Amino acid sequence: MNRRTTLLAAAEFLTWWVALALLWLVLISAVDTLELAVGTAAAGVSALAAVAARRAVTGR
């Protein structure tokens, strides 16, 4: 991976993470510290899976 592809992968991961974290916040009823921690962690794992799945499909 060169610098450009690394930056693109990081940007894709952050985009997925932000979108999924915001979705989590919209769907929960009460925002407390534990819910926020679980939501951000789950969004991170899901974003990593989404990036990996897209890269596997495109063959990169």
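This is a predicted model: local features need pLDDT of at least 70, side-chain atom pairs count only at pLDDT 80 or more; totals for chains, interfaces and linings use all residues.
Reader: Let's start with the helices. How do H1 and H2 pack?

Author: Helix H1 covers residues 3-27 and helix H2 covers residues 33-58. Their axes are 8 Å apart, and the angle is about 135°.

Reader: Which hand does the crossing have?

Author: H1 passes H2 in a right-handed crossing. As for the residues of that contact, 16 are nonpolar, four are polar and four are charged.

Reader: Which residues does the "transmembrane region" annotation cover?

Author: The unreviewed UniProt entry puts that annotation on residues 7-30 and 36-57.

Reader: How much helix is there in residues 7-30?

Author: In the model, residues 7-30 are 88% helix and 0% strand, with end C-alpha atoms 35 Å apart. Residues 36-57 are 100% helix and 0% strand, and there the end C-alpha atoms lie 31 Å apart.

Reader: Now for a single residue. Why does Glu-12 count as buried?

Author: Glu-12 has 16% relative accessibility, and buried means under 20%. The value is below that cut-off, so Glu-12 counts as buried.

Reader: Where is Glu-12, and what is in contact with Glu-12?

Author: Glu-12 sits in helix H1. Setting aside neighbours within four places in sequence, Glu-12 is in contact with Val-51 and Arg-54.

Key: Residues are numbered from 1 along each chain as its sequence is written. Side-chain values use heavy atoms; hydrogens and water are left out. Axes are lines fitted to C-alpha atoms, for helices over the stretch in contact, and angles run from 0 to 180 degrees between N-to-C directions. Helices (H or I, at least four residues) and strands (E, at least two) are DSSP runs, numbered from the N terminus. A crossing is left-handed if the near helix is turned anticlockwise from the far one by less than a right angle, and right-handed if clockwise. Ala, Val, Leu, Ile, Met, Phe, Trp, Tyr, Cys and Pro count as nonpolar, Asp, Glu, Lys and Arg as charged, and the others, Gly among them, as polar. UniProt positions are given in the numbering used here, feature names are shortened, and annotations may be inferred rather than shown by experiment. Buried means under 20% relative accessible area, exposed over 50%, partly exposed in between (1.4 Å probe, protein chains only). Contact means heavy atoms within 4.5 Å.
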